[in-house]
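I hope it is handy to read with the coordinates open.

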Amino acid sequence: KNLRNITDVFVSCSDALSACRLRSKMLAKQLDHVDMEIEREGEAGNVAAVSRLQAVSSRLCTELEREKEHELTLALTLKQNLVELWQIETEQEKYDILREQLQKDEEELQMQYQEEREVRIWKEKITALQAEGTRRTREKREKEAQREREERNKKLLEDAKRNHEKAVCFLRQSMARIHEKNAKEEAKAQEHMERRIQAVLSLKSSITSNRERLQTLQILNKAKALEAKKEEMKMREAILAEGGNVVREIFLHKRQQEHEKRKEAFREQQKSRKMEIVSRILQERAATHKQSKSQSPTKAIKARGELEDPLLQSRKAWQREETCKHADGEIPQSSENRPQDVLQESGDEDTERDKTLLVPEFPGLWNQEYDLHKVPKAEDPTQLALRAIRTQMTKKKMEKLQTGIPHKQSVPAQEHKGCAFHSKPSCIHFKDFDVGQIYKKKIVLTNASYSVNYCRLVGISECLKDFISVHFDPPGKMSSGMSCEFLVTFKPMINKGLEGAVMFMAQTGSFSVPLKCTVKTCMLALDKELIDFGSLVVGETISRPISLTNSGALGARFR
């Protein structure tokens with residue numbers, strides 16, 4: 001196509017060049033003719049005609065020069081087209097040679113494909129024969145496995161029959177036991193139902209008797225109310241006869257009666273509270289005695305030598321109080337006897353003492369009550385006993401804290417178990433350290449017990465003393481849930497892993513926070529455990545990428 005285009009351009013340039021040359025010849029002839037006319041008119045002396053012919057001559061000269069230039073341009077273009085035509089013909093000859101070579105290569109490639117096709121067909125035939133042999137072998141193995149499976153199933157059926165017979169026998173025995181158990185349960189249920197019926201009948205009879213008693217009480221209350229009204233009427237009449245204020249006298253009389261009732265109720269309440277306090281004192285005494293038994297014999301003997309029995313102290317204090325009252329004539333000589341676990345109480349007491357509520361020594365140990373009337377001047381004997389108990393318990397707590405004996409932390413209905421303090425983080429870990437650097441970590445300790453606790457630093461492991469330093473300011477008393485901080489500084493001098501602990505002592509016993517120092521390591525890992533290429537076709541090529549990752553802080557070479 002390029003050759004055809006260049007040929008057309010060459011022909012058109014040749015035609016244009018011939019036409020340009022023809023026009024140049026025509027212009028040259030016209031210029032000669034004009035020159036001859038100028039000479040003739042000049043000889044004739046016609047100036048006007050000469051001027052006109054000179055203008056025509058100059059125009060013809062200009063056109064002739066333009067045609068000459070155009071002729072040169074066309075000649076140059078024709079030469080360039082001729083050169084390009086020669087180059088294209090030369091390249092076409094080269095392409096003809098390459099085309100012939102390509103045809104030869106294609107014929108050789110077709111022959112090679114034919115040979116490879118024949119080889120592949122031969123290999124496929126061999127593979128088909130091998131697959132046929134494999135199939136026959138597999139069928140033979142399957143037949144043998146089927147025969148073995150049938151024999152095994154026969155054995156399993158026989159074993160199942162024998163096991164079924166045994167299971168039926170055991171089932172019969174179990175059913176007999178279950179029937180016997182059900183019969184016993186039915187008998188128990190029948191007996192329980194009879195007891196419930198008897199209880200309902202007794203409840204019905206008691207309800208009937210209580211109803212009759214209630215009716216009797218209502219009648220008595222009505223009778224008392226009538227008598228009170230009669231007495232009130234008599235009192236009104238007597239006051240009116242004397243000329244006094246009836247409303248005021250009746251109001252004072254009712255107020256005095258209510259005061260007597262409250263006084264009696266308060267006396268009973270005070271007696272019951274004294275009994276409760278004495279029982280709690282006995283329980284505390286039993287608990288302290290049990291704790292003293294669990295300690296070593298030497299400490300138990302020392303504790304018994306130093307402390308006096310709080311119950312004896314309370315009894316002596318109350319006996320001294322009763323003796324003073326008898327001497328002053330405040331209470332009568334008669335008193336009721338109680339068992340040994342209950343202290344002696346007087347039958348009648350002073351008015352101020354009756355109006356006083358007991359205040360426990362330990363706020364919150366029992367329900368706190370407040371004095372509504374007047375605080376007595378003399379100290380209550382119950383407070384003396386509780387003070388002795390408090391002194392004894394405080395001394396024992398100090399001894400346990402000094403000797404390291406754990407103290408149980410408990411709240412009502414539950415007791416704290418485990419470590420009394422929790423650290424955050426739970427393990428102090430200095431990871432991937434460099435020798436010569438300084439590392440610091442801040443640790444938070446939280447009181448996880450149920451009451452106020454103490455904490456002090458004991459020390460660190462022997463292997464860590466050259467590299468680890470701990471800065472800890474004891475916070476003193478820490479309530480439940482409160483936290484404190486301590487700072488751990490690590491100065492590594494050798495490139496070696498270390499393990500140990502930071503040890504503390506609390507009121508409930510010792511505890512420690514583990515500490516680790518690990519050097520930089522390289523951790524090479526592959527992203528695949530199994531390289532699975534799946535199903536393949538003969539002659540196919542499949543690739544799978546594998547990633548090797550170093551998740552450690554130390555570089556490493558591999559191969």
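**Notes on the model**

1. Asp159 and Arg162 form a salt bridge through their side chains, with N and O 2.1 Å apart; the term stands for a side-chain nitrogen of Lys or Arg within 4 Å of a carboxyl oxygen of Asp or Glu. The two residues are three apart in helix α2, so about one helical turn separates them. Asp159 is partly exposed at 31% relative accessibility, and Arg162 is partly exposed at 44%. Here buried means under 20% relative accessible area, exposed over 50%, and partly exposed in between (1.4 Å probe, protein chains only).

2. A word on the basis: this is a predicted model, in which local features need pLDDT of at least 70 and side-chain atom pairs count only at pLDDT 80 or more, while totals for chains, interfaces and linings use all residues. Residues are numbered from 1 along each chain as its sequence is written, and side-chain values use heavy atoms, with hydrogens and water left out.

3. What is the count of salt bridges by this rule? It comes to 16. In helix α2, Arg59 and Glu63 are four residues apart, which means about one helical turn between them, and their side chains meet in a salt bridge at 3.3 Å, N to O. Arg59 counts as partly exposed at 44% relative accessibility, and Glu63 does too, at 26%.

4. Glu462 and Lys465 make a further salt bridge, their closest N and O atoms being 3.2 Å apart. Glu462 is exposed, with a relative accessible area of 63%, whereas Lys465 is partly exposed at 47%. There is also a network of salt bridges that links Glu132, Arg135, Arg136 and Glu139.

5. Next, the second largest pocket, with a volume of about 370 Å³. Closest to its centre, among 14 lining residues, are Ala228, Glu231, His253, Lys254 and Gln257. Helices α2 (47-242) and α3 (246-294) are the elements that give two or more residues to this lining, and α2 has the largest share, with eight residues. By class, the lining has four nonpolar, two polar and eight charged residues.

6. The terms of that point are these. A pocket is an open set of points on a 1 Å grid over the protein atoms alone, where a 1.4 Å probe fits, with protein on both sides within 12 Å along at least five of seven lines; lining residues have an atom within 4 Å of a point. Grid points are joined across faces, edges and corners, and the volume is the space filled by probe spheres set on the points. Ala, Val, Leu, Ile, Met, Phe, Trp, Tyr, Cys and Pro count as nonpolar, Asp, Glu, Lys and Arg as charged, and the others, Gly among them, as polar.

7. Four bridges join β7 to the antiparallel strand β8 (residues 483-490), and His471 stands opposite Leu487 in β8. Helices (H or I, at least four residues) and strands (E, at least two) are DSSP runs, numbered from the N terminus.

8. Another open sheet of four strands runs in the order β4-β10-β9-β6, with mixed pairing. Its edge strands, β4 and β6 (455-460), each pair on one side only. Four bridges join β4 to β10 (residues 509-518), and these two run parallel. Ile428 stands opposite Leu515 in β10, and Lys516 is the bridge partner of His429.

9. Lastly, two backbone details to look at. A cis peptide bond joins Lys424 and Pro425, with omega about 5°, and Pro425 is found in the loop between β3 (421-424) and β4 (428-431). Asp432, a residue other than glycine, has a positive phi near 55°. Asp432 lies in the loop between β4 and β5 (439-447) and is partly exposed at 25% relative accessibility.

Conventions. Two strands pair if DSSP finds at least two bridges between them.
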